[in-house]
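Please look through the sequence and the structure shown here.

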Amino acid sequence: SQQGEEDPQALSIQEGENATMNCSYKTSINNLQWYRQNSGRGLVHLILIRSNEREKHSGRLRVTLDTSKKSSSLLITASRAADTASYFCASWNTGTASKLTFGTGTRLQVTL
Amino acid sequence: GAVVSQHPSWVICKSGTSVKIECRSLDFQATTMFWYRQFPKQSLMLMATSNEGSKATYEQGVEKDKFLINHASLTLSTLTVTSAHPEDSSFYICSARGGQGRQFFGPGTRLTVL
């Protein structure tokens, strides 16, 4: 399977704490994207980082990319209860059959 | 931002019947659409890539005769689950590729086969 791995599988933190999720992928990529999914709902695009970028910020989100290690991390700072969701990384592979390959996901629970 | 809709949002059917799910890009043209399947508490698995006017490309292990995909226009792709069985019960999500390579996802369709 070309599916990427994410860790942790599940993460439970208190409101105000930071949450860090890690993603590893298997093939060369054009970019890597992070998505959020509330239970039973569709995907919400959070942030895209290109293969020539190392770090990107968007509001309370910070994404890093290490192409030498084929890994990325998503940091959510000052978490809120509303951040409770599943988070997926998705790598956009190079080549003619370009497609998004999703990681296994991290289920984040933020408690009050 | 670009919007992708899916219809129906949920469907319950009897075993052996066929179910059609529609995916529409509402405000942009999509030459390429993708269909994913997601089981509870699992990730999205790509089933097939559909290009307007041509046959879909199925991922390994996905039965093309079971999951019929039609992409007849630049704004509509359909997935038909033929002779559905309980093991086909899942969350089906489509996405459409817009400009600059961005992919926009539909809200998903929950299929329950009794």
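Is C13(B) buried or exposed? C13(B) is buried, because its relative accessible area is 8%; buried means under 20% relative accessible area, exposed over 50%, and partly exposed in between, with a 1.4 Å probe and protein chains only. This is a predicted model, in which local features need pLDDT of at least 70 and side-chain atom pairs count only at pLDDT 80 or more, while totals for chains, interfaces and linings use all residues. Residues are numbered from 1 along each chain as its sequence is written, chains are lettered from A and ligands numbered from 1 in the order in which they are written, and side-chain values use heavy atoms, with hydrogens and water left out.

A disulfide is a pair of cysteine sulfur atoms within 2.5 Å. How many disulfides does a search of the whole structure find? Over all chains there are 2.

One of these disulfides is in chain B, where the sulfur atoms of C23(B) and C94(B) are 2.0 Å apart. The angle about this S-S bond is 80 degrees, and the link is right-handed. It connects distant parts of the chain, since C23(B) sits in strand β3 (residues 19-25) of chain B and C94(B) in strand β9 (residues 90-97) of chain B, 71 residues apart. Strands (E, at least two residues) and helices (H or I, at least four) are DSSP runs, numbered from the N terminus. C23(B) counts as buried because its relative accessibility is 0%, and C94(B) is buried with a relative accessible area of 0%.

In chain A, C23(A) and C89(A) form a disulfide with sulfur atoms 2.0 Å apart. The torsion about their S-S bond is about 75 degrees, so this disulfide is right-handed. C23(A) belongs to strand β3 (residues 19-24) of chain A and C89(A) to strand β9 (residues 85-93) of chain A, so the pair ties together parts that are 66 residues apart in sequence. Both C23(A) and C89(A) are buried.

Another residue of chain A to look at is I76(A), which lies in strand β8 (residues 71-76) of chain A. I76(A) counts as buried because its relative accessibility is 2%. Which residues does I76(A) touch, not counting those up to four places away in sequence? Among them are E17(A), M21(A), L61(A), Y87(A) and L108(A), where contact means heavy atoms within 4.5 Å. By contrast, I76(A) and G40(A) are 36 residues apart in sequence, and their C-alpha atoms are 22 Å apart in space.

Now consider chain A as a whole. Chain A has 0 helices and 11 strands. Its radius of gyration is 13 Å, close to the 13 Å that the globule rule gives for 112 residues, so chain A is as compact as a globular protein of that length. The radius is taken over C-alpha atoms, and the rule is 2.2 Å times the number of residues to the power 0.38. Along its principal axes, the C-alpha trace of chain A spans about 45 × 30 × 20 Å. Of the 112 residues in chain A, 46% are buried. Among contacts in chain A between residues at least 6 apart in sequence, 55% join residues at least 24 apart.
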